[in-house]
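Please look over the fold shown here.

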Amino acid sequence: MATNKNVIVLVPNGRRQNVGVTPNTTILQILEEVCQKHGYNVDSYDLKHFNHILDPNAILRFAGLANNAQLEMVPCTKIRSISNVTIGIQLENGERLMSEFTPNVTLAEILKHVNFNEDLEKIILIYMHREISGLEALKNTTLKALGLVNGKAVLRLIQKRPQSIGNIALTTSKTVKIAEYFNIHKRDSGNKYSLIADTNETSECLISTGKQTQKLGELKTCSQNEERKIMKREYENNIIPSTSTDNYTGNQILLQPCNKHETDDLNNIEFLGERNALVFNQTSIQRKSRDELPDDFYDLTVDDAKILLRDAKRYRKELEEAPLLTNIQRQSNQEKRILNQLNKYHYTIIRIQFPDQFVLQGLFQPMETVQAIKDFIKCYLIDANSDFIIFTTPPKRNLNPNSRLVNENLVPCAIVYYSGSSALKLDVKEKFTDPKKVELQVANVRKSMLNKDENVNNDTNSRSTFNTATNNESVIGKGSKIRK
């Protein structure tokens, strides 16, 4: 749910209203927008999806609605009650400030009411994976906008540290300069890609066009055949986990740089300890801006209906013609899948995402247990003896510490989520790595595994060729003896 979505609401007057939504949009906000456009009272209607009445306070991220989901406005069966909301502010030291507020109060007023006198520009409030930071956002965001009109809720408070802010800004500026320089030389070099290993050289190259041309001549560019081969490998083995804030947004294909510059970048990566441990912050990743499509783009046409009907018939035919499997056959297929993964992937990349958007990455072997991941996390926690759980989502599934990684579908890569009272050490957070370098390190691991597989295949082919040649020579020798 990383990109914007669209839902279709059937209005009582027979019209259909397309509403653009985000993962943080509440059901009540969708209802308010439709009622405002068509002149209905918000308190008199609910939204229904199939036969289920949606909770107005639910966030679209957890509502389970697909893109272009069709909703229907129906009259309320009971009066919607609005009462005070019990809010708890969870501080970084573990203290929790509790108080009751009306749904129309802003987050800035809540912090003022609980006698929180810090600078609001350096404050981040997190609720259901949604971050509200800055004085302006805190003043404009109300509890009702978060979907809180009754009940209880906890808001996690995090203070921005000046060092982290500076590092994030520096990383962002360097990323922008590298992208600009990459685009300039992509046009000038006849579609041959170049990689800049030193960001200081990048900033100097952006000063003048003459220096850019000079630097271009000094950099080594990969040949087109090698580049196509690398792109084909990455496309066929598109298994690099995403580092975006939301899940599943799709995997990324990385263009492999030249060996010299790639080695320089990998040498600059400082691992925190064993298992090539790295820490990076998702807030430093620039989200790709995508053009918004018009509402009529999502309208169902006759051709679309034909394609859907064709796919449904094909899927039904596959189900009807599929052979029935016994338990022994299913276990055999499962064992074959596990053996194929063990032969193909020698390592698995595990990323542990914490509530404060920091991600801890490490390398594990497929036959290790989940307990190895928990022991790995304890080495970087403030309180190593604190209890915590790790789980995958969606749907939420707690990982069994005694299960192997390959049996928990954590191979070749996976994102697991941390839930506990402790957090990462401050010195570990300060040593966070640029996400670009993290992706480069992941690509290098994948490339090494691919090279090993190619060597094994080449050895197998050479042995088979040698055996074939030996057999042919023996046959020819026998034929010559027969002629004599």
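## Helix α1 and its cover

In α1, the residues I27, L28, I30, L31, V34, C35 and H38 are buried. Viewed down the axis of α1, these buried residues fall within an arc of 155°, so they line one face of the helix. An α-helix has 3.6 residues a turn, so residues three or four places apart point the same way. The face of α1 turned away from the buried side carries Q36 and K37, which are exposed. Cover for the buried residues of α1 includes the strands β1 (5-10), β2 (16-21), β3 (45-49) and β5 (69-75). Just after α1, G39 has a positive phi of about 75°.

This is a predicted model.

Helix α9 makes a contrast in burial: the count of buried residues among its 20 residues is 0.

## Nonpolar cores

Nonpolar side chains tend to be buried together in soluble globular proteins. Which residues have the most contacts inside the largest nonpolar core? They are I350, I352, F354, I373, I377 and L410, in a core of 35 residues. Two or more residues of this core come from each of β12 (348-353), β13, α11 (370-378), β14 (388-392), β16 (413-420) and α13 (435-483). The largest share, 5 residues, is that of α11. Leaving out residues up to four places away in sequence, F354 touches L360, I377, L381, Y418 and L424. A second, separate core has 26 residues, among them I132, L148, A153 and L157.

## V359 in strand β13

Strand β13 (residues 358-364) contains V359. Is V359 buried or exposed? V359 is buried, because its relative accessible area is 2%, below the 20% cut-off. Beyond its neighbours within four places in sequence, V359 contacts L278, V279, F280, Q282, R351, I352 and Q353. K429 is 70 residues from V359 in sequence, and their C-alpha atoms are 9.6 Å apart.

## The whole chain

The protein has 13 helices and 16 strands. Of its 484 residues, 38% are buried. Of the contacts between residues at least 6 apart in sequence, 69% join residues at least 24 apart. The accessible surface is about 29100 Å², and carbon and sulfur atoms account for 49% of that surface.

Technical notes: Residues are numbered from 1 along each chain as its sequence is written. This is a predicted model: local features need pLDDT of at least 70, side-chain atom pairs count only at pLDDT 80 or more; totals for chains, interfaces and linings use all residues. Side-chain values use heavy atoms; hydrogens and water are left out. Helices (H or I, at least four residues) and strands (E, at least two) are DSSP runs, numbered from the N terminus. Buried means under 20% relative accessible area, exposed over 50%, partly exposed in between (1.4 Å probe, protein chains only). Contact means heavy atoms within 4.5 Å. Accessible areas come from the Shrake-Rupley method with a 1.4 Å probe; for residues, only the protein chains shown count as cover. A nonpolar core is a set of buried Ala, Val, Leu, Ile, Met, Phe, Trp, Tyr and Cys residues joined through side-chain atoms within 4.5 Å. The arc is that of the directions from the helix axis to the C-beta atoms.
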